[in-house]
Amino acid sequence: MKTWKKLVAAAGAAGLALSLAACGGNSAGDDNKLIVGASPDPHAKILRYVADNLAEKQGIELEVKEYTDYVQPNEALNSGDLDANYYQTVPYFDDQTAKNNWQFDHGKGIHLEPL
């Protein structure tokens, strides 16, 4: 059973790495570096797994910035301090972008919390 969980985690992380790689257009001008904001658990943990095990193999430098609230990551993304963020549901994202008139979009579903 443990091996199956590791396989699923690795497959999900690989998909995340490829999805992030497709984002491109880094604000710092380095197309191989991605700065991603995330909540500490589980999102930052997942991103660190990707950074430590998969991103470098794809030629990607992945920097993870942790946020403990749900407002600052979108503000940092809007200001160009982040290339992406990874923490929110689509309904929350849609509500916040409408309220704040932010001009960025969400990607495809990457990760769903088991309930």
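**Around one tyrosine**

Tutor: At 9% relative accessibility, Tyr 87 is buried (buried means under 20% relative accessible area, exposed over 50%, partly exposed in between, with a 1.4 Å probe and protein chains only). This is a predicted model, with residues numbered from 1 along each chain as its sequence is written. Local features need pLDDT of at least 70, side-chain atom pairs count only at pLDDT 80 or more, totals for chains, interfaces and linings use all residues, and side-chain values use heavy atoms, without hydrogens and water.

Start with the rings. Rings of Phe, Tyr and Trp (its six-membered ring) pair if their centres lie within 6.5 Å; planes under 30 degrees apart are stacked, over 60 edge-to-face, and the rest tilted. That rule gives five aromatic pairs. In one of them, the ring centres of Tyr 70 and Tyr 87 lie 5.7 Å apart with planes at 10°, so this pair is stacked. Tyr 70 sits in the loop between strand E2 (61–66) and helix H3 (72–79), and Tyr 87 in the loop between strand E3 (84–86) and helix H4 (90–100), so the pair ties together parts 17 residues apart in sequence. Helices (H or I, at least four residues) and strands (E, at least two) are DSSP runs, numbered from the N terminus. Ring pairs join Tyr 70, Tyr 87 and Tyr 92 into a cluster.

Tyr 87 has another neighbour. Ser 39 touches Tyr 87, as well as Ala 44, Tyr 67 and Tyr 86, not counting residues up to four places away in sequence (contact means heavy atoms within 4.5 Å). Ser 39 is in the loop between strand E1 (33–38) and helix H2 (40–55). Ser 39 is buried too, with a relative accessible area of 9%. Its side chain makes a polar contact with the side chain of His 43 (2.7 Å). A polar contact is a pair of N or O atoms within 3.5 Å; within protein, one must be able to donate a hydrogen and the other to accept it, and residues adjacent in sequence count only if both atoms are side-chain atoms.

Now move on to H4. Thr 89 caps its N-terminal end: a side-chain oxygen lies 3.3 Å from the backbone nitrogen of Tyr 92. The buried residues of H4 are Phe 93, Gln 96 and Thr 97. They cover an arc of only 95° around the axis, which puts them on the same side of H4 (the arc is that of the directions from the helix axis to the C-beta atoms). These buried residues pack against H3. Pro 91, Ala 98 and Lys 99 are exposed on the other side of H4.
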